[in-house]
Amino acid sequence: MAISISHLTKRFGQTDVLRGIDLGVEKGELVALLGPSGSGKTTLLKIIAGLEWPDSGRLVVDEADWLQLAAQDRRIGFVFQHYALFPHMSVRDNLAFGLTVRPRSARPAKAVIAAKVEELLHFLQISHLGDRYPAQLSGGQRQRVALGRALAIEPSILLLDEPFGALDAAIRRDLRRWLRGVHEATGSTTIFVTHDQEEAFELADRVVVMGEGQIAQIGDADAIHDHPATPFVARFMGATVELPVTMQSGRARADGLDLTVLPRRALPDGPAQVFARPEDIIPQPDPAGPWRIISRTSNGANLRLVLRHPDLGEAELDTPRRAVAADCMIADASMRLRIAFGTIFPGDRRNPAPASEPENIPQLEKTP
Amino acid sequence: MDPPFRAKRVLPGFTLSLGTTLLYLTLIVLIPVAALILKGAEIGPERFWRIVSSPRAVAAFRITLTAAAIATVFNAIYGLLMAWVLLRYEFRGKRILDALMDVPFALPTAVAGLSLTALFSANGWFGAVLHPAGIPVVYTIWGIALAMAFTSVPFVVRTVQPVLEDMDPALEQAAVTLGARPWAIFTRVVFPTILPAWLAGCTIAFARSLGEFGAIVFIAGNLPFQTEIAALLAFIRLEEFDYNGAAAIALVLLGFALVLLLVSNLLQYWAARYREDSR
Ligand SMILES: Nc1ncnc2c1ncn2[C@@H]1O[C@H](COP(=O)(O)OP(=O)(O)OP(=O)(O)O)[C@@H](O)[C@H]1O
Ligand SMILES: [Mg+2]
């Protein structure tokens, strides 16, 4: 089913948790909600499920106003972060819960339910675990049961809150692929929450980046990676080096920085900031360069250097340890820095560009 | 030289504290119980049986058990409700009510007995209404049950409350998204979760009711065969310097209590069977 959310707001006491969310999700789409802790992802998911109610805004699903509909009647599959399996029920009873709890008139016959549960156990590849209690399962197995329990009611929409949050990396990767398969098999509209970028980009058709109760950007991996809409998104995507620059007819300039590879931007002349990832900054030994190396650490493959500029401040960067020039990257060496990739935002450090209003940010100029 | 290997304990001075605890337990629990059993054994099975099967003793046991059962059924429901209300609702005076829940623990039982008698006697606040309506409380088994219920209700509330509080709200939310209505959520998700604690609380409340004395003697009227409880009968025998008679009755009460504890543990074990980890 297609979901359409507009102007949704929610506050808890004094905190604005959602500050005007607008989001449309197509039928059968797989969307990731990505954002730091406390950005309101779970709250948004719970409002869609009917477990929380917004203060204002609209939630329309296939033309129906879902704010008029009780959670029980929405037929949502919700997978909780810590699974929330019923501890006193066997795996079978957990899977069957959504069916056995229906009013008598709508409840399938016992045999039908049992068959459905068998089918689910098989589909989840946990046929041998049907009689166990949740306490006797591993994290990955619990996750499967939680998903199976949600799928048993043949939900119109599947919502997953950090489905793999509590699992180790190898199992995460497995389950990720498996969830993608489940999504393709069931075709249900799916929204999942995560704060793992890799997970979001690998799994989702579209990624919604949330920050402080607002949607900062919507797009696919490449778009968000290459063209972050706000400083917040840039930082969240790993561009942790922020340096002050000066705009001059669409070009950024700064002492000791080579910014020539960055595309022109239609920004007014004056102060601006460049955001770059540590690995996209290339150090170049230069006896006259204004940057001084103040620390150097190695993780084997890469050197992590911290450099200081008398006016611009500090910059942290990663460079391959086996590179030719690495030998002269020693403490106190003088350097120039080339920014191979970065994004320019208007404003300076004391007066940063508004993080939460993407419409204020001019679009990236097309380079001819 | 390395010191010889010793397993590390979590508690420092574990051996000492274990020793102290065991000694204490022996002194104040085991020795009295053993003395009671020896005293009973001294009587010999035949006389023992004659004492405990005398009509007056049988009536006292019947009254005690019946009243305790009534009190426990009442507390099982009311205590659960109370724990629920104290956790799930916000209202003015909630903290005060929560604190009041412990009054029966703190109040001397004689004070409780006196005030209940004053309230429910024919000219007391409640008695003035109940008595004309043909529901006498004072000097009946209902009065005994009332006193028992009053003194034992915190056991149910205070055992259920923490378990209910610790329950993951996501469990109920999961049930909601799966289509469960409030009643189904309570009967199929919430209640099974608190069942072991609830059973434990009810059993302790029952055991406590069997042994209650101070609060009851004021309100019961203590008529042999009608409102005389077993603990009082043992006390009367003792006053008559009939140590054997007192010990025999006390032993039966002890037996009830032990059986109850056993049943309670079995029930809890059964209700919590799903907690077993696979090994
Ligand atoms: N029931 C509640 N009462 C009060 N405040 C709440 C409640 N639920 C959430 N909040 C607050 O709302 C904000 C957003 O919470 P939410 O759980 O939606 O964040 P999140 O994006 O899911 O974070 P995380 O990644 O840590 O799960 C937080 O500041 C949180 O403290
Ligand atoms: Mg969350």
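**Figure 1. Confidence in chain B of the predicted model.** Chain B has a mean pLDDT of 87, and 94% of its residues score at least 70; pLDDT is the predictor's confidence in each residue, on a scale from 0 to 100. Within chain B, the lowest confidence falls in helix α1 (residues 14-43), with a mean of 82, and the highest in α9(B), at 95. For the complex, the predictor gives an ipTM of 0.80 and a pTM of 0.80. Because this is a predicted model, local features need pLDDT of at least 70 and side-chain atom pairs count only at pLDDT 80 or more, while totals for chains, interfaces and linings use all residues; side-chain values use heavy atoms, with hydrogens and water left out. Residues are numbered from 1 along each chain as its sequence is written, chains are lettered from A, and ligands are numbered from 1 in the order in which they are written.

**Figure 2. The helices of chain B.** Chain B contains 13 helices and zero strands; helices (H or I, at least four residues) and strands (E, at least two) are DSSP runs, numbered from the N terminus. Along the principal axes, the C-alpha atoms of chain B fill a box of roughly 70 × 60 × 30 Å.

**Figure 3. The interface of chain B and chain A.** The size of an interface is often given as the accessible area lost when the parts come together. Chain B and chain A bury about 2200 Å² between them, with 64% of it on carbon and sulfur atoms; buried area is the accessible area (1.4 Å probe) that two parts lose on being put together, summed over both. Of the area that chain B buries against chain A, B:Leu178, B:Arg188 and B:Tyr274 supply 32%, more than any other three residues. The contact (heavy atoms within 4.5 Å) involves 23 residues of chain B and 25 residues of chain A.

**Figure 4. The salt bridge between the chains and its surroundings.** One salt bridge is counted between chain B and chain A; the term denotes a side-chain nitrogen of Lys or Arg within 4 Å of a carboxyl oxygen of Asp or Glu. B:Arg181 pairs with A:Asp73 in a salt bridge whose closest N and O atoms are 2.7 Å apart. Four residue pairs, both residues at pLDDT 80 or more, are in polar contact across the interface of chain B and chain A. A polar contact is a pair of N or O atoms within 3.5 Å; within protein, one must be able to donate a hydrogen and the other to accept it, and residues adjacent in sequence count only if both atoms are side-chain atoms. On the side of chain B that touches chain A, α9 (169-177) and α10 (182-211) each supply at least two residues. The largest share of that side, seven residues, comes from α9(B).

**Figure 5. The surroundings of ligand 1.** Residues around ligand 1 (a heavy atom within 4 Å) include A:Phe12, A:Val17, A:Pro36, A:Glu162 and A:His195. An N or O atom in the side chain of A:Ser37 is 2.4 Å from an oxygen atom of ligand 1. A polar side-chain atom of A:Lys41 lies 2.7 Å from an oxygen atom of the ligand, and a polar backbone atom of A:Ser39 is 3.2 Å from an oxygen atom of ligand 1.

**Figure 6. A salt bridge within chain A.** A:Glu29 and A:Arg206 meet through their side chains in a salt bridge (2.6 Å, N to O). A:Glu29 lies in the loop between β2 (15-25) and β3 (30-34) of chain A and A:Arg206 in strand β9 (residues 206-211), so the pair ties together parts that are 177 residues apart in sequence.
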